[in-house]
Amino acid sequence: MPENVDIAASYIKQGKVVAFPTETVYGLGANALNPIAVARIFEIKERPYFDPLIVHIAETTQLKDLCSSIDDRVYALAEKFWPGPLTIVLPKSKAVPDIVTAGLPTVAVRMPAHDVALELIRKSECPIAAPSANKFGQLSPTCAHHVRKQLTNVDYIIDGGKTTLGIESTIVQLAPDGFTILRYGIITENELSEILPAGYGSAKDQTFAPGMMKSHYSPRKKLYIAYDVEPHLDISKAGLISYSGKLEKDAYKKIVRVAPNKDLKEYAANLFEALHSLEDDEEVNVIVAEPVDESGIGRAIMDRLKKAAYAWC
Ligand code: TXA
Ligand code: MG
(Lines give C-alpha, C1' and ligand atoms only; values in the text may rest on other atoms or scores of the structure.)
(Ligands and ions follow the chains in the order given, each with its own letter.)
Protein backbone atom coordinates (compact mmCIF):
# COMPACT_ATOMS: atom_id res chain seq x y z
CA MET A 1 0.00 0.00 0.00
CA PRO A 2 1.52 3.37 -0.95
CA GLU A 3 2.76 5.48 1.95
CA ASN A 4 0.71 8.39 0.64
CA VAL A 5 -2.48 6.74 1.93
CA ASP A 6 -1.20 7.50 5.44
CA ILE A 7 -0.68 11.14 4.53
CA ALA A 8 -4.10 11.33 2.87
CA ALA A 9 -5.77 9.76 5.92
CA SER A 10 -4.11 12.31 8.20
CA TYR A 11 -5.53 15.04 5.96
CA ILE A 12 -9.04 13.54 6.17
CA LYS A 13 -8.72 13.44 9.96
CA GLN A 14 -7.81 17.15 9.93
CA GLY A 15 -11.00 17.98 8.01
CA LYS A 16 -9.24 18.39 4.65
CA VAL A 17 -10.28 17.21 1.20
CA VAL A 18 -8.54 14.37 -0.63
CA ALA A 19 -9.01 13.01 -4.16
CA PHE A 20 -8.63 9.23 -4.33
CA PRO A 21 -9.12 6.40 -6.80
CA THR A 22 -12.02 3.97 -6.72
CA GLU A 23 -12.85 1.21 -9.21
CA THR A 24 -15.41 3.50 -10.92
CA VAL A 25 -14.08 7.09 -11.04
CA TYR A 26 -11.92 9.24 -8.75
CA GLY A 27 -13.70 10.61 -5.69
CA LEU A 28 -13.25 13.93 -3.87
CA GLY A 29 -13.48 12.90 -0.24
CA ALA A 30 -13.87 14.35 3.23
CA ASN A 31 -14.96 13.06 6.64
CA ALA A 32 -18.69 12.42 6.12
CA LEU A 33 -19.43 13.26 9.75
CA ASN A 34 -17.72 16.68 9.61
CA PRO A 35 -20.07 19.21 7.93
CA ILE A 36 -17.39 21.87 7.58
CA ALA A 37 -15.07 19.49 5.77
CA VAL A 38 -17.94 18.36 3.53
CA ALA A 39 -18.81 21.98 2.69
CA ARG A 40 -15.36 22.36 1.13
CA ILE A 41 -16.16 19.54 -1.32
CA PHE A 42 -19.11 21.58 -2.60
CA GLU A 43 -16.92 24.70 -2.88
CA ILE A 44 -14.10 22.97 -4.73
CA LYS A 45 -16.49 21.25 -7.16
CA GLU A 46 -18.78 24.29 -7.47
CA ARG A 47 -21.55 21.83 -6.79
CA PRO A 48 -25.02 23.06 -5.80
CA TYR A 49 -25.98 22.20 -2.24
CA PHE A 50 -29.17 20.46 -3.39
CA ASP A 51 -27.15 17.58 -4.86
CA PRO A 52 -26.32 15.03 -2.12
CA LEU A 53 -23.12 12.99 -1.77
CA ILE A 54 -22.40 9.28 -1.58
CA VAL A 55 -20.87 8.07 1.70
CA HIS A 56 -18.11 5.48 1.29
CA ILE A 57 -17.52 2.76 3.87
CA ALA A 58 -14.99 -0.04 4.27
CA GLU A 59 -17.00 -2.46 6.47
CA THR A 60 -20.69 -3.37 6.41
CA THR A 61 -20.77 -2.75 10.17
CA GLN A 62 -20.44 1.00 9.43
CA LEU A 63 -23.97 0.95 8.00
CA LYS A 64 -25.40 0.99 11.53
CA ASP A 65 -23.85 4.39 12.23
CA LEU A 66 -25.22 5.92 9.05
CA CYS A 67 -28.68 4.40 8.66
CA SER A 68 -31.76 4.44 10.89
CA SER A 69 -33.04 1.10 9.59
CA ILE A 70 -31.50 -1.62 7.45
CA ASP A 71 -33.65 -4.39 6.05
CA ASP A 72 -32.41 -7.84 5.11
CA ARG A 73 -32.33 -6.98 1.41
CA VAL A 74 -29.55 -4.48 2.11
CA TYR A 75 -27.36 -7.18 3.63
CA ALA A 76 -28.18 -9.47 0.70
CA LEU A 77 -27.11 -6.75 -1.75
CA ALA A 78 -23.98 -6.02 0.28
CA GLU A 79 -23.09 -9.70 0.39
CA LYS A 80 -23.37 -10.01 -3.37
CA PHE A 81 -22.08 -6.66 -4.65
CA TRP A 82 -19.80 -5.08 -2.00
CA PRO A 83 -17.10 -4.11 -2.25
CA GLY A 84 -18.22 -2.97 -5.69
CA PRO A 85 -19.96 -0.42 -7.90
CA LEU A 86 -23.35 -0.39 -6.19
CA THR A 87 -24.70 2.53 -4.14
CA ILE A 88 -27.73 1.89 -1.94
CA VAL A 89 -30.02 4.72 -0.82
CA LEU A 90 -31.15 4.11 2.78
CA PRO A 91 -32.98 5.95 5.57
CA LYS A 92 -30.40 8.17 7.23
CA SER A 93 -29.42 8.32 10.88
CA LYS A 94 -29.03 11.55 12.86
CA ALA A 95 -25.25 11.14 12.75
CA VAL A 96 -25.17 12.07 9.06
CA PRO A 97 -25.02 15.85 8.61
CA ASP A 98 -27.74 17.38 6.44
CA ILE A 99 -25.19 18.89 4.09
CA VAL A 100 -24.18 15.36 3.01
CA THR A 101 -27.73 14.36 2.06
CA ALA A 102 -28.92 17.80 0.88
CA GLY A 103 -31.55 17.68 3.59
CA LEU A 104 -33.06 14.39 2.32
CA PRO A 105 -34.17 11.77 4.86
CA THR A 106 -32.00 9.23 3.02
CA VAL A 107 -28.28 8.64 2.64
CA ALA A 108 -26.53 6.98 -0.31
CA VAL A 109 -23.87 4.45 0.78
CA ARG A 110 -21.34 2.34 -1.06
CA MET A 111 -18.24 0.23 -0.38
CA PRO A 112 -15.73 0.75 -3.21
CA ALA A 113 -13.79 -2.21 -4.61
CA HIS A 114 -10.40 -0.54 -4.55
CA ASP A 115 -7.62 -1.30 -2.07
CA VAL A 116 -6.46 2.31 -1.84
CA ALA A 117 -9.99 3.62 -1.23
CA LEU A 118 -10.70 0.96 1.41
CA GLU A 119 -7.38 1.58 3.15
CA LEU A 120 -8.00 5.32 3.12
CA ILE A 121 -11.41 4.87 4.77
CA ARG A 122 -9.98 2.50 7.39
CA LYS A 123 -7.00 4.71 8.20
CA SER A 124 -9.16 7.84 8.33
CA GLU A 125 -11.36 6.06 10.90
CA CYS A 126 -14.52 7.61 9.48
CA PRO A 127 -16.89 7.16 6.56
CA ILE A 128 -15.86 9.32 3.60
CA ALA A 129 -18.35 11.45 1.67
CA ALA A 130 -17.19 11.70 -1.93
CA PRO A 131 -18.70 12.82 -5.20
CA SER A 132 -16.78 12.28 -8.41
CA ALA A 133 -13.69 14.52 -8.42
CA ASN A 134 -14.70 16.85 -11.27
CA LYS A 135 -16.19 20.31 -11.58
CA PHE A 136 -19.96 20.08 -11.32
CA GLY A 137 -21.54 19.04 -14.62
CA GLN A 138 -18.23 18.29 -16.35
CA LEU A 139 -16.53 15.04 -17.36
CA SER A 140 -15.88 12.49 -14.63
CA PRO A 141 -12.21 11.69 -13.85
CA THR A 142 -10.75 8.24 -14.47
CA CYS A 143 -7.15 9.17 -13.61
CA ALA A 144 -5.33 11.66 -11.38
CA HIS A 145 -4.49 13.88 -14.36
CA HIS A 146 -8.23 14.41 -15.02
CA VAL A 147 -8.64 15.54 -11.41
CA ARG A 148 -5.76 18.03 -11.67
CA LYS A 149 -7.12 19.33 -14.97
CA GLN A 150 -10.41 20.45 -13.43
CA LEU A 151 -9.84 21.04 -9.74
CA THR A 152 -7.52 23.38 -7.93
CA ASN A 153 -7.47 23.68 -4.14
CA VAL A 154 -7.66 19.93 -3.46
CA ASP A 155 -5.54 19.36 -0.36
CA TYR A 156 -4.12 16.03 -1.52
CA ILE A 157 -4.47 13.72 -4.54
CA ILE A 158 -3.65 10.02 -4.36
CA ASP A 159 -2.56 8.86 -7.81
CA GLY A 160 -3.74 5.28 -8.17
CA GLY A 161 -3.51 5.09 -11.97
CA LYS A 162 -6.47 4.55 -14.25
CA THR A 163 -9.74 3.33 -12.76
CA THR A 164 -10.87 -0.07 -14.03
CA LEU A 165 -14.63 0.31 -14.54
CA GLY A 166 -14.65 3.91 -15.76
CA ILE A 167 -18.26 4.91 -15.04
CA GLU A 168 -19.97 5.71 -11.78
CA SER A 169 -21.74 3.18 -9.56
CA THR A 170 -25.28 1.96 -10.10
CA ILE A 171 -27.58 3.69 -7.57
CA VAL A 172 -30.53 1.71 -6.22
CA GLN A 173 -33.30 2.79 -3.88
CA LEU A 174 -35.38 0.21 -2.06
CA ALA A 175 -39.08 0.50 -1.28
CA PRO A 176 -41.25 -1.97 0.63
CA ASP A 177 -42.53 -3.46 -2.62
CA GLY A 178 -39.60 -3.19 -4.98
CA PHE A 179 -36.66 -1.10 -6.08
CA THR A 180 -35.82 1.74 -8.38
CA ILE A 181 -32.56 2.39 -10.18
CA LEU A 182 -31.69 6.05 -9.78
CA ARG A 183 -28.52 5.83 -11.87
CA TYR A 184 -27.51 3.07 -14.28
CA GLY A 185 -24.03 1.57 -14.00
CA ILE A 186 -22.06 -1.62 -14.46
CA ILE A 187 -24.35 -3.57 -12.14
CA THR A 188 -27.46 -4.08 -14.25
CA GLU A 189 -31.18 -4.28 -13.52
CA ASN A 190 -31.10 -8.03 -14.23
CA GLU A 191 -28.34 -8.62 -11.69
CA LEU A 192 -30.25 -6.62 -9.08
CA SER A 193 -33.46 -8.53 -9.83
CA GLU A 194 -31.76 -11.77 -8.83
CA ILE A 195 -31.31 -10.43 -5.31
CA LEU A 196 -34.47 -8.29 -5.23
CA PRO A 197 -37.12 -10.60 -6.71
CA ALA A 198 -40.00 -8.24 -5.91
CA GLY A 199 -39.18 -6.64 -9.20
CA TYR A 200 -38.05 -3.44 -10.69
CA GLY A 201 -40.18 -0.33 -10.82
CA SER A 202 -42.81 -1.48 -8.37
CA ALA A 203 -41.52 0.98 -5.81
CA LYS A 204 -44.39 3.41 -5.33
CA ASP A 205 -42.50 6.13 -3.52
CA GLN A 206 -40.05 6.76 -6.33
CA THR A 207 -37.84 9.48 -5.04
CA PHE A 208 -36.70 12.29 -7.24
CA ALA A 209 -32.95 11.89 -7.37
CA PRO A 210 -31.31 15.27 -7.43
CA GLY A 211 -28.64 13.88 -9.70
CA MET A 212 -31.10 12.90 -12.41
CA MET A 213 -30.39 15.99 -14.45
CA LYS A 214 -30.75 15.98 -18.19
CA SER A 215 -27.40 17.62 -18.69
CA HIS A 216 -24.32 16.26 -16.97
CA TYR A 217 -20.85 14.86 -17.71
CA SER A 218 -20.40 17.50 -20.42
CA PRO A 219 -17.24 17.93 -22.44
CA ARG A 220 -16.25 21.51 -23.31
CA LYS A 221 -16.69 20.74 -27.02
CA LYS A 222 -19.85 19.99 -28.93
CA LEU A 223 -20.77 16.32 -28.69
CA TYR A 224 -23.05 14.42 -31.04
CA ILE A 225 -24.28 10.89 -30.61
CA ALA A 226 -23.79 9.42 -34.10
CA TYR A 227 -27.50 8.91 -34.74
CA ASP A 228 -27.91 12.67 -34.31
CA VAL A 229 -25.07 13.72 -36.57
CA GLU A 230 -26.08 16.67 -38.69
CA PRO A 231 -25.73 15.97 -42.43
CA HIS A 232 -23.63 19.09 -42.90
CA LEU A 233 -21.19 18.31 -40.08
CA ASP A 234 -17.61 18.72 -41.28
CA ILE A 235 -16.02 15.59 -39.85
CA SER A 236 -12.54 16.65 -40.92
CA LYS A 237 -12.33 18.48 -37.58
CA ALA A 238 -14.24 15.84 -35.63
CA GLY A 239 -13.03 13.16 -33.26
CA LEU A 240 -14.92 9.85 -33.39
CA ILE A 241 -15.42 7.62 -30.37
CA SER A 242 -15.64 4.30 -32.14
CA TYR A 243 -17.08 1.14 -30.62
CA SER A 244 -17.87 -1.32 -33.42
CA GLY A 245 -15.69 0.16 -36.15
CA LYS A 246 -18.63 0.57 -38.53
CA LEU A 247 -18.65 4.40 -38.36
CA GLU A 248 -14.93 4.79 -38.97
CA LYS A 249 -14.09 6.97 -41.96
CA ASP A 250 -10.72 8.35 -43.04
CA ALA A 251 -12.20 11.84 -43.04
CA TYR A 252 -12.33 11.96 -39.24
CA LYS A 253 -9.49 13.96 -37.75
CA LYS A 254 -9.10 11.51 -34.86
CA ILE A 255 -10.58 8.14 -34.10
CA VAL A 256 -10.50 6.78 -30.55
CA ARG A 257 -11.25 3.06 -30.45
CA VAL A 258 -12.74 2.41 -27.05
CA ALA A 259 -13.34 -1.32 -27.28
CA PRO A 260 -10.71 -3.42 -29.09
CA ASN A 261 -12.66 -6.58 -28.17
CA LYS A 262 -16.08 -5.03 -28.88
CA ASP A 263 -17.07 -5.47 -25.29
CA LEU A 264 -19.42 -2.97 -23.59
CA LYS A 265 -17.35 -3.12 -20.40
CA GLU A 266 -14.42 -1.80 -22.41
CA TYR A 267 -16.57 1.01 -23.81
CA ALA A 268 -17.59 1.98 -20.27
CA ALA A 269 -14.01 1.74 -18.99
CA ASN A 270 -12.66 4.01 -21.74
CA LEU A 271 -15.58 6.38 -22.35
CA PHE A 272 -14.59 9.27 -20.07
CA GLU A 273 -10.92 8.94 -20.99
CA ALA A 274 -11.87 9.21 -24.68
CA LEU A 275 -14.03 12.27 -24.00
CA HIS A 276 -11.23 13.90 -21.99
CA SER A 277 -8.63 13.24 -24.70
CA LEU A 278 -10.83 14.67 -27.48
CA GLU A 279 -11.85 17.61 -25.31
CA ASP A 280 -8.12 18.39 -24.88
CA ASP A 281 -7.15 17.81 -28.51
CA GLU A 282 -6.56 21.14 -30.23
CA GLU A 283 -7.09 19.66 -33.70
CA VAL A 284 -10.60 18.51 -32.86
CA ASN A 285 -13.53 20.92 -32.50
CA VAL A 286 -16.42 18.50 -32.28
CA ILE A 287 -16.86 15.00 -30.85
CA VAL A 288 -18.99 12.24 -32.34
CA ALA A 289 -19.76 9.14 -30.25
CA GLU A 290 -21.10 5.81 -31.44
CA PRO A 291 -24.33 4.77 -29.71
CA VAL A 292 -25.03 1.26 -28.42
CA ASP A 293 -28.19 -0.69 -27.55
CA GLU A 294 -29.74 0.57 -24.36
CA SER A 295 -29.75 -2.67 -22.45
CA GLY A 296 -27.50 -3.96 -19.68
CA ILE A 297 -24.28 -1.96 -19.50
CA GLY A 298 -25.32 -0.26 -22.75
CA ARG A 299 -27.99 1.57 -20.80
CA ALA A 300 -25.38 3.06 -18.46
CA ILE A 301 -23.19 4.09 -21.39
CA MET A 302 -26.11 5.73 -23.23
CA ASP A 303 -27.19 7.51 -20.04
CA ARG A 304 -23.74 9.15 -19.84
CA LEU A 305 -23.63 9.96 -23.57
CA LYS A 306 -27.12 11.47 -23.68
CA LYS A 307 -26.46 13.68 -20.68
CA ALA A 308 -23.06 14.69 -22.06
CA ALA A 309 -24.62 15.58 -25.42
CA TYR A 310 -27.69 17.30 -23.96
CA ALA A 311 -26.09 20.70 -23.45
CA TRP A 312 -25.18 20.71 -27.14
CA CYS A 313 -28.54 19.67 -28.63
O1 TXA B 1 -19.01 5.54 -8.52
C2 TXA B 1 -19.44 6.46 -7.86
O3 TXA B 1 -20.60 6.44 -7.36
C4 TXA B 1 -18.54 7.68 -7.61
C5 TXA B 1 -17.35 7.23 -6.76
C6 TXA B 1 -16.46 8.38 -6.37
O7 TXA B 1 -17.82 6.53 -5.66
N8 TXA B 1 -19.24 8.74 -7.00
C9 TXA B 1 -20.14 9.50 -7.65
O10 TXA B 1 -20.66 10.55 -6.91
O11 TXA B 1 -20.47 9.30 -8.80
P12 TXA B 1 -21.48 11.75 -7.54
O13 TXA B 1 -21.66 12.72 -6.45
O14 TXA B 1 -20.79 12.25 -8.74
O15 TXA B 1 -22.85 11.13 -7.89
C16 TXA B 1 -23.67 10.73 -6.83
C17 TXA B 1 -25.10 10.73 -7.23
C18 TXA B 1 -25.64 12.11 -7.46
O19 TXA B 1 -26.37 12.11 -8.67
C20 TXA B 1 -26.58 12.33 -6.28
O21 TXA B 1 -27.66 13.13 -6.60
C22 TXA B 1 -27.00 10.91 -5.94
O23 TXA B 1 -25.85 10.16 -6.15
N24 TXA B 1 -27.40 10.79 -4.55
C25 TXA B 1 -26.64 10.94 -3.45
N26 TXA B 1 -27.36 10.79 -2.33
C27 TXA B 1 -28.61 10.53 -2.71
C28 TXA B 1 -29.83 10.27 -2.02
N29 TXA B 1 -29.89 10.29 -0.69
N30 TXA B 1 -30.94 10.04 -2.74
C31 TXA B 1 -30.88 10.02 -4.09
N32 TXA B 1 -29.76 10.26 -4.82
C33 TXA B 1 -28.64 10.51 -4.13
MG1 MG C 1 -20.46 12.98 -10.58
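Modeller: A helix axis here is a line fitted to the C-alpha atoms over the stretch in contact, and angles between axes run from 0 to 180 degrees between N-to-C directions. The model under discussion is predicted.

Biologist: How do α9 and α10 pack: roughly parallel or roughly antiparallel?

Modeller: Helix α9 covers residues 264–280. Its axis lies 9 Å from that of helix α10 (residues 297–310), and the two pack at an angle of about 25 degrees. Angles under 35 degrees count as roughly parallel, so α9 relative to α10 is roughly parallel.

Biologist: Which residues of α10 make the contact with α9?

Modeller: The crossing of α9 with α10 is left-handed. From α9, the contact draws on L264, K265, Y267, A268, L271 and F272. Facing them in α10 are I297, G298, I301, R304 and L305.

Biologist: How many nonpolar residues does the contact of α9 with α10 have?

Modeller: Sorted by class, the contact of α9 with α10 includes two charged residues and one polar residue. Its nonpolar residues number eight.

Biologist: What is the class of S277, buried, exposed or partly exposed?

Modeller: S277 also has its place in helix α9. Its C-alpha atom is separated by 35 Å from that of K13, which lies 264 residues away along the chain. The relative accessible area of S277 is 37%. Values between 20% and 50% fall in the middle class, so S277 is partly exposed.

Biologist: Which residues touch the most other members of the largest nonpolar core?

Modeller: The largest nonpolar core holds 92 residues. Apart from it lies another core, of nine residues, with I235, A238, L240 and Y252 among them. In the largest core, the residues that touch the most other members are L120 and Y267.

Biologist: Which residues are in contact with L120, leaving aside its neighbours within four places in sequence?

Modeller: L120 is one of the α6 residues that meet α1. With those sequence neighbours set aside, the residues in contact with L120 are V5, A8, A9, I12, V18, F20, I128 and I158.

Biologist: How many charged residues does the contact of α1 with α6 have?

Modeller: In this right-handed crossing of α1 with α6, V5, D6, A8, A9, I12 and K13 meet V116, E119, L120, K123 and S124. Six of the contact residues are nonpolar and one is polar. The charged residues number four.

Biologist: Is S124 buried or exposed?

Modeller: S124 is found in helix α6. Residues up to four places away in sequence aside, S124 touches A9, I12 and K13. Its relative accessibility is 4%, and S124 therefore counts as buried.

Biologist: Where does K135 lie, and is K135 buried or exposed?

Modeller: K135 lies in the loop between β6 (128–129) and α7 (144–150). The relative accessible area of K135 is 18%. The cut-off for buried is under 20%, so K135 is buried.

Biologist: Which residues does a cis peptide bond join?

Modeller: Most peptide bonds are trans. Here, in a bond with omega of about -10 degrees, the partners are W82 and P83.

Biologist: What is the phi of Y217?

Modeller: Most residues other than glycine have a negative phi. Y217, in the loop between α8 (189–195) and β10 (222–225), is buried at 5% relative accessibility. Its phi is positive, near 50 degrees.

Biologist: What is the phi of N153?

Modeller: N153 has its place in the loop between α7 and β7 (156–157). N153 is exposed, with a relative accessible area of 58%. Although N153 is not a glycine, its phi is positive, at about 75 degrees.

Key:
Residues numbered from 1 in each chain as written. Chains lettered and ligands numbered in written order. Predicted model: local features only at pLDDT ≥ 70, side-chain atom pairs only at ≥ 80, totals over all residues. Heavy atoms only, no water. Core = buried A, V, L, I, M, F, W, Y, C linked by side-chain atoms within 4.5 Å. Buried < 20%, exposed > 50% of the residue type's maximum accessible area, 1.4 Å probe, protein only. Contact = heavy atoms within 4.5 Å. Left-handed = near helix turned anticlockwise from the far one by under 90°. Helix = DSSP H or I, 4+ residues; strand = E, 2+ residues; numbered from the N terminus. Nonpolar A, V, L, I, M, F, W, Y, C, P; charged D, E, K, R; others polar. Parallel < 35°, antiparallel > 145°, perpendicular 65-115°, else oblique.
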